[in-house]
Amino acid sequence: MLEFDDAQTRLANGAPRPEATMEAALRDAVGLVLAHDLTATLDLPPADNSAMDGYALRHADYREGAALPIDQIVYAGHAPQPLRAGHAARLFTGSLMPAGADTVVMQEDTREADGKLDITRAPREGQHVRRRGEDTRAGSPLLAAGTRIGPAQVALLASQGIARVTVHPAVRVGILTTGDELVAPGEPRDTHQIYNSNGPMMAALVEGMGARATHVLHAQDNEAALKSAFQTLARDCDLILSIGGVSVGDKDLVKPVLESLGAPLDLWRVRMKPGKPVAMAHVDGKPVVCLPGNPVSAFAVFAVLVSPLVRRMQGRRELFPQVSMLTLRTDVPRQDSREEFLRVRRELDNGGVGELHAYDRQGSGVLSSLPWATGLARIPAGHTVYDGEKVAYYDFKHWLG
Ligand code: AMP
Ligand code: MG
C-alpha cells in the first residue's frame, strides 16, 4: 500500500513540464498557460486623467466663493489644451487632465452658470486624479510563466495592447473506459447493463481544467480491445486516463495489457478511500493513469491525485492548490485504516468562515453525493474525527480548476 501523499507526489512527477509553445490570439489563449514571463511595456494609465465627471483646476487657483471661468470641455478620448491660469476645464471620467491642472472637483460639488464655475466644497489638492502609471509601470512584471489565462489575465494583457501571447498547447488527454456492462448514454440499454457515466464525467473534468479530452474511447473487457485502444491513445494523446478494470477481478485486464505493451505499473494500491486501485505506467513514453471504476472514486482520485499531474503537463506553476482547515460537522465519528475523503458541502457558519457538512451516504457507489458536494474533507488514517474538529478541505473550485 502506498500512502496518499507519496502517491500524490509520484503522480505529479509522472510527466515532465511542457516544452512545446505556440502563439495564440488572446481570445484563443483562454484556459491555456503562459509559456514566458511578461513585462509591462506601457504605463497604465498612460496619462493623468479624471476619476470623476466634473471640473479640473489648478488647486492654487481655488478661492472660497470665487467663480472660475471655464476655458474648455475635454471629452474622454480627446486631447486637452493647456489650462489657462485662473480657469477650470469641464471634463468627464477618463478625460485627460489639461497640462497645468492638478485637481478634479466632482460635478456634485459645483454649480455652473454663464460659463463660470462655483465650487461649493473646498477641494483637496490632487483629488480625483488617476495618475499616470499608478496601476502598472512600464518595465514592471505583468504575468509570470505558468499562469493560466482567465478573464482577469485577458483584461490585464489587453490593457497593455497585447493581442497575441505565447502559451503551451492544450494537453491532449485520451480517456478510456472499460467494462462489458457499460452502454453509452443515449443508446438502448439492456437490463444487465448500466450507462457509462465515467466517460462523459472524465471528459468534463479534463476540459474544466483547460486540457482537451481529444479521445473518449470505450473498450469491452477483452485484451485485444484494450490493447488497441491504448495504442491509439498513446499515438494521439499526451496523457491517458483509463478507468476501471484495474483491480484483481477476473475481468481486470488493464494491468496485464499494459504489461504486454511493455509498460509495467509504477504504483498500485493507494491507502485512500474512495479509490484504492490507482496505477501509473508509461506507454511509448506517454503517462497512463489507471483510475478505479466507481464513478465517485474516479472523481475523487482525479481531483486530488491526477489533477496535479495535469497542471504540471499544462506548465502551470501551482500544482497543489490550497487546502484549508475547516470544522467538520458530522453525527458519526469517522475512523478508517485508510485516509478517507468525504464528500462534503461547505456552508457558511455564523462567523462566515464556513464549516463542512458530510453527505449522509458516503459509499463509493453514491453518485448523487457529487453534485451536492463542494469539495472533499480528508480524514486521517487511524484517527477518530469527531463533530467540531478541523479537517483538511479540498475545494473542487480550486482542485478542479
Ligand atoms: P471496475 O473497477 O471495472 O471493477 O469497476 C468498478 C465499478 O465501477 C463496477 O461496479 C463498474 O460497473 C463501475 N464502473 C466502471 N466503469 C464505469 C463507467 N464508465 N461508468 C459507470 N460505472 C462504471
Ligand atoms: Mg470493470
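In the predicted model, an oxygen atom of ligand 1 lies 2.8 Å from a polar backbone atom of Gly 245, a polar contact being a pair of N or O atoms within 3.5 Å. Taken alone, ligand 1 exposes 480 Å², and the protein buries 75% of that (Shrake-Rupley accessible areas, 1.4 Å probe). A nitrogen atom of the ligand is 2.8 Å from an N or O atom in the side chain of Asn 196. A nitrogen atom is also 3.1 Å from a polar backbone atom of Ser 197.

The shell around ligand 1 comprises 15 residues, each with a heavy atom within 4 Å of the molecule. Glu 181, Asn 196, Asn 198, Gly 245 and Gly 293 are the closest. By class, four are nonpolar, nine polar and two charged, with Gly counted as polar and Asp, Glu, Lys and Arg as charged. Strand 14 (172–178) and strand 16 (194–195) each supply at least two shell residues; strands are DSSP runs (E) of at least two residues and helices runs (H or I) of at least four.

Helix 6 spans residues 295–314. Because 20 of its 20 residues are buried, helix 6 is largely enclosed by the rest of the structure (buried: under 20% relative accessible area, 1.4 Å probe, protein chains only). Gly 315 follows the helix, with a positive phi near 90°.

Residues are numbered from 1 along each chain as its sequence is written, and chains are lettered from A and ligands numbered from 1 in the order written. Local features need pLDDT of at least 70, side-chain atom pairs count only at pLDDT 80 or more, totals for chains, interfaces and linings use all residues, and side-chain values use heavy atoms, leaving out hydrogens and water.

Technical notes
Expected span 1.5 Å × (residues − 1). Buried < 20%, exposed > 50% of the residue type's maximum accessible area, 1.4 Å probe, protein only. Polar contact = N/O pair within 3.5 Å; in protein donor to acceptor, adjacent residues only side chain to side chain.
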